[in-house]
Amino acid sequence: MASGEGQTFGGAQASRFVAYLNLVKLPHTVFALPFALVGVVLASYHRPLRLADIGWVIVAFTAARFAAMAFNRIVDRDIDRQNPRTALRELPRGALRLGETWIAVVVASALFVFSAAQLNRPCLLLSPVALAWVFFYSYTKRFTRWSHVVLGGSLAIAPVGGYLAVAGAWSRPWWLLIALAAAVAAWVAGFDIFYSLQDIEFDRSHQLRSIPAAVGEERSIRVARWMHVASIAGLIVVGITITAGAWYWVGVTLAATLLVYEHSLVTPGDLRRLDAAFFTMNGMVSIAFFFFVLMDRLTRSGLLH
């Protein structure tokens with residue numbers, strides 16, 4: 001029996017508009033959008049920030065994510081139809097047609113490129129590369145267990161793009177953006193490993209690759225733990241590089257604490273609290289970290305005392 005998924009709106013008879021929101025799992029936007037804005041905040045140390053920049057970054061991120069998620073649903077539609085957990089997704093159950101979903105991907109991709117063009121030339125030139133990478137992810141479970149890292153790389157584009165949107169150039173020192181992107185990539189890879197725990201048997205029986213399908217629950221949780229250790233290490237490198245203030249370090253400490261708690265929710269053989277670990281905790285990590293990065297910036301600029 002198809003069981004459906006969490007973080008969706010309405011039921012099986014929801015409106016077409018709601019169907020599009022569910023197609024791309026709109027609530028999951030809270031994972032990476034705050035990190036795109038972290039990139040914006042860090043770039044503001046080097047170049048004045050315009051309100052228009054923030055607006056176009058949000059539009060570009062939302063469009064790129066919509067295109068990537070809709071493309072993923074197209075590529076995986078036959079697999080989703082066979083998996084009881086995903087059989088009620090919009091394409092398998094016929095809530096949306098394949099043709100109109102392709103149109104949505106094209107429109108969202110065009111909007112992303114247009115938004116990038118409104119920011120600066122580097123963003124415009126790199127926009128097709130970003131789209132190619134996020135589309136590539138959808139095929140990776142067919143040939144590598146490390147698809148989680150590819151997904152992490154997809155979301156790591158967000159803070160890099162946010163920074164480039166404001167600064168118009170790579171960071172100085174060069175390792176600042178590398179460390180930030182690596183932190184986001186490792187964080188995402190870790191929680192995506194958690195997410196894949198629920199599909200171990202399905203993935204194995206359908207020759208799909210993932211860390212959990214390859215090594216089982218216990219070792220997968222261990223890999224996710226080290227991914228999240230690497231993520232916090234990346235944030236520490238970022239903080240040292242920008243000579244961050246107290247607010248930033250409170251944010252890193254809180255993010256680490258939330259990740260420790262997240263790992264306490266999931267144990268081998270007990271996935272009952274997986275939804276809280278995957279969605280609630282990771283949403284809190286990204287939003288809280290952005291808040292403290294912003295507070296640190298406002299404090300150091302003299303706007304807050």
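Across the whole structure, a search finds 13 salt bridges. Keep in mind as you click around that this is a predicted model. Let's begin with a few of those charged pairs.

**Stop 1: charged pairs**

Select arginine 89 and aspartate 80. Their side chains meet in a salt bridge, 3.1 Å from N to O, and both residues are buried.

Next, pick arginine 85 and aspartate 199. Here the closest N and O atoms of the salt bridge are 2.5 Å apart. Arginine 85 sits in the loop between helix H4 (77–82) and helix H5 (98–119), while aspartate 199 is in the loop between H8 and helix H9 (200–205), so this pair ties together parts that are 114 residues apart in sequence. Are the two partners buried or exposed? Arginine 85 is buried, at 13% relative accessible area, and aspartate 199 is buried too, at 8%.

Now move to arginine 97 and glutamate 100, whose side chains form a salt bridge of 4.0 Å, N to O. Arginine 97 is exposed, with 56% relative accessibility, whereas glutamate 100 is buried at 14%.

**Stop 2: aromatic rings**

Time to switch to rings, where the count comes to 16 aromatic pairs. Show phenylalanine 35 and tryptophan 187: their ring centres are 5.1 Å apart and their planes meet at 50°, so the pair is tilted. Phenylalanine 35 belongs to helix H2 (residues 29–43) and tryptophan 187 to helix H8 (residues 175–196), 152 residues apart. Phenylalanine 35 is buried at 4% relative accessible area, and tryptophan 187 is buried at 2%.

For an edge-to-face pair, select phenylalanine 71 and tyrosine 139, with 6.0 Å between centres and 70° between planes. Phenylalanine 71 lies in helix H3 (residues 51–75) and tyrosine 139 in the loop between helix H6 (121–137) and helix H7 (147–167), so parts 68 residues apart in sequence are tied together. Phenylalanine 71 is buried at 8%, but tyrosine 139 is partly exposed at 39%.

Then go back to Phe35 and Trp187 and widen the view: ring pairs link them with Phe31, Phe191, Tyr248, Trp249 and Phe289 into a cluster.

**Stop 3: a charge over a ring**

Select arginine 297 and tyrosine 45. The charged end of the arginine sits over the tyrosine ring, 4.3 Å from its centre.

**Stop 4: the surface**

Finish with a surface view of Trp170, Trp174, Trp175, Ile178 and Val237, which make a nonpolar patch of about 540 Å². Valine 237 comes from helix H10 (residues 211–241) and is partly exposed, at 37% relative accessibility.

Definitions and conventions:
Residues numbered from 1 in each chain as written. Predicted model: local features only at pLDDT ≥ 70, side-chain atom pairs only at ≥ 80, totals over all residues. Heavy atoms only, no water. Patch = residues over 30% accessible without salt bridge, like charges linked within 9 Å, V, L, I, M, F, W, Y side chains within 5 Å. Areas by Shrake-Rupley, 256 points an atom, 1.4 Å probe, with all protein chains shown as cover. Helix = DSSP H or I, 4+ residues; strand = E, 2+ residues; numbered from the N terminus. Buried < 20%, exposed > 50% of the residue type's maximum accessible area, 1.4 Å probe, protein only. Phe/Tyr/Trp six-rings, centres within 6.5 Å; stacked < 30°, edge-to-face > 60°. Lys NZ or Arg CZ within 6 Å of the ring centre and 35° of its normal.
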